[in-house]
Amino acid sequence: MLSYLLEGLRFSFNIPSHPEHEIHGIERGLGVFIGSKCIVGEGAGLGMPLGLDGDKAIFPGESITVHDKPFKRFRLNRASIKYLGRLKIEKIYKKARSLLAPIYIRDKTFRPIYTLLMMSRTLMGVKSRYENIGDKGYVDIEYNIGENHVDVNVDASNLRCSRFLIANELSGKLFTKLVVDDDEVDDIPPWIEIKSGHATLISPKLKLLMGIERPSSCRLFAGREVLGGRLDWAGFSIMPSVRRFSYRVWFESLD
């Protein structure tokens, strides 16, 4: 599937991945390219579902696409488990993260310390493995590509999770500015709720803007994390209160 919008901008499900990426091993959404260059980085692409079952995140480990159709069925059946070599350290890691992550999100003065801890984790060889935890159902997503936008139609009526998110992420190394209404957010945090109707991410390097409209009955969050080759994403997550909804992502050239 291939469609051109602005000059050189195209979309494809064939997002390149790398074993060093934190997201490596799960199914991602619609990829965004400029020419032959993918600008998703380590991000989820457009329209990737993530289940929330209690305090556990459920990732899509399998997907089905329809040839020449902008459609993907994501089957959610994997959880991220942390290992140090062959030793499973998920319980220890989860406890430490539950203590430190809230401080990291709300207090930007603590972020350099947290980032240093994350770098130490990488140097120690702690890695995520996405292990099958049983089938939690599936989410159908249709991507309708327009002249300068993508309409994402979500159907999560067959998902057996109490809550879910739809992630829309590109490279955090490229998209470095967040604008809410007319105000630029300094030092984009990893998780911030957007109360207004829409927000935009800007890539000064690419001179490209990605915007999103918050659908009704949904909450909208933005964030960005960049750390070496392991984390490289910036984008928006939608947390709905309904199982079927649609939203629009649009692109504009800043030239």
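User: Which strand does Ser12 lie in?
Analyst: Ser12 belongs to strand β1, residues 9–12. Strands here are DSSP runs of E with at least two residues, helices are runs of H or I with at least four, and both are numbered from the N terminus. Before we go on, this is a predicted model: local features need pLDDT of at least 70, side-chain atom pairs count only at pLDDT 80 or more, and totals for chains, interfaces and linings use all residues. Residues are numbered from 1 along each chain as its sequence is written, and side-chain values use heavy atoms, leaving out hydrogens and water.

User: Thanks! Is Ser12 buried or exposed?
Analyst: Ser12 is buried, with a relative accessible area of 7%. Buried means under 20% relative accessible area, exposed means over 50%, and partly exposed is in between (1.4 Å probe, protein chains only).

User: And how many helices and strands does the chain have?
Analyst: The chain has two helices and 19 strands. Of its 255 residues, 49% count as buried.

User: Back to β1. What sheet is it in?
Analyst: β1 is part of an open sheet of three strands, in the order β1-β2-β3, with antiparallel pairing. Two strands pair if DSSP finds at least two bridges between them. β1 and β3 (37–38) stand at the edges with a single partner strand each, so one side of each has no neighbour in the sheet.

User: What about β2 and β3, how many bridges do they have?
Analyst: Strand β2 (residues 31–34) pairs with β3 in the antiparallel sense over two bridges. Phe33 stands opposite Cys38 in β3.

User: What sits over the ring of Phe33?
Analyst: That's the charged end of Arg10, 4.4 Å from the ring centre. The rule asks for NZ of Lys or CZ of Arg within 6 Å of the ring centre and within 35 degrees of the ring normal.

User: New topic: how many aromatic pairs are there?
Analyst: The count comes to six aromatic pairs. Rings of Phe, Tyr and Trp (its six-membered ring) pair if their centres lie within 6.5 Å; planes under 30 degrees apart count as stacked, over 60 as edge-to-face and the rest as tilted. One of them joins Phe164 and Phe245: the centres are 6.5 Å apart and the planes at 35°, so this pair is tilted.

User: Where are those two in the chain?
Analyst: Phe164 lies in strand β11 (residues 163–170) and Phe245 in strand β19 (residues 244–253), so the pair ties together parts 81 residues apart in sequence. Phe164 is buried at 2% relative accessible area, and Phe245 is buried at 8%. Ring pairs also link Phe164, Phe245 and Tyr247 into a cluster.
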